[in-house]
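Thank you all for making time this morning. I would like to walk through one model slowly, with the sequence and the structure on the screen, so please have a look at them before I go on.

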Amino acid sequence: MVHLPSARLDASFAALSDATRRGVLEQLGHADSSITDLATKFHMTLTGMQKHVGILEQTGFVVTEKIGRVRTCKLGPRRLAEEMAWIEEYRQRWASRFDELDKLVEELKQKEKVDGRQRTG
């Protein structure tokens, strides 16, 4: 089982739970951008975008650099490897459970066929 500090996972998933923040990450995947440009693109106030970027910055998904009066954002060094490992563990658990359910359903179908033949025969 993958054990990550709960607070780190909580922060990651909280940051990614917001559509605007996911959009910012997608945008920064194409090119670095200023907070002003991001705010314009997402039809937000500068303050609102600064809050979103701040959350992404706290998780390490985004880094910012201030040059003069412009704060530029780019993807940070943090990747989603740990989160993907956590998700994969649960995906495997669910896949295993569904496989067991499929086996049970198939056994019941076979039993139903046999029982049906015995009644008519």
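Arg 91 is partly exposed, with a relative accessible area of 45%, and here buried means under 20% relative accessible area, exposed means over 50%, and partly exposed is what lies in between, using a 1.4 Å probe and counting protein chains only. Please keep in mind that this is a predicted model, in which local features need a pLDDT of at least 70 and side-chain atom pairs count only at pLDDT 80 or more, while totals for chains, interfaces and linings use all residues. Residues are numbered from 1 along each chain as its sequence is written, and side-chain values use heavy atoms, with hydrogens and water left out.

Where does Arg 91 sit? Arg 91 is found in helix α5, which covers residues 81–120; helices are DSSP runs of H or I with at least four residues, strands are DSSP runs of E with at least two, and both are numbered from the N terminus.

Which residue forms a salt bridge with Arg 91? The partner is Glu 88, and the closest N and O atoms of the two are 2.7 Å apart, where a salt bridge is defined as a side-chain nitrogen of Lys or Arg within 4 Å of a carboxyl oxygen of Asp or Glu. The side chains of Arg 91 and Glu 88 also make a polar contact, at 2.7 Å; that term stands for a pair of N or O atoms within 3.5 Å, where within protein one must be able to donate a hydrogen and the other to accept it, and where residues adjacent in sequence count only if both atoms are side-chain atoms. Both residues lie in helix α5, three residues apart, which is about one turn of the helix, and Glu 88 is partly exposed too, with a relative accessible area of 30%. For those who are new to helices, an α-helix has 3.6 residues a turn, so residues three or four places apart point the same way.

Is Glu 89 buried or exposed? Glu 89 is buried, because its relative accessible area is 12%, whereas Arg 93 has a value of 33% and is partly exposed. Glu 100 and Lys 103 form another salt bridge, with their closest N and O atoms 3.5 Å apart, and they are three residues apart in helix α5. Glu 100 counts as partly exposed at 46% relative accessibility, and Lys 103 is partly exposed at 48%.

Helix α5 also carries Val 105, which counts as partly exposed because its relative accessibility is 37%.

Three strands form an open sheet in the order β1-β3-β2, and the pairing is antiparallel; two strands pair if DSSP finds at least two bridges between them. The edge strands are β1 (33–34) and β2 (62–67), each of which pairs on one side only. Strand β3, residues 70–75, pairs with β2 over six bridges, and one of the residue pairs is Lys 66 with Arg 71 in β3. Between β1 and β3 there are two bridges, and Ser 34 has Thr 72 in β3 as its bridge partner. The hairpin of β2 and β3 has two residues between the strands, and Gly 68 takes a positive phi near 65° there.

Finally, a residue in a loop. His 43 is found between α3 (35–41) and α4 (46–59), and its phi is near 55°, a positive value in a residue other than glycine. His 43 counts as exposed, because its relative accessibility is 74%.
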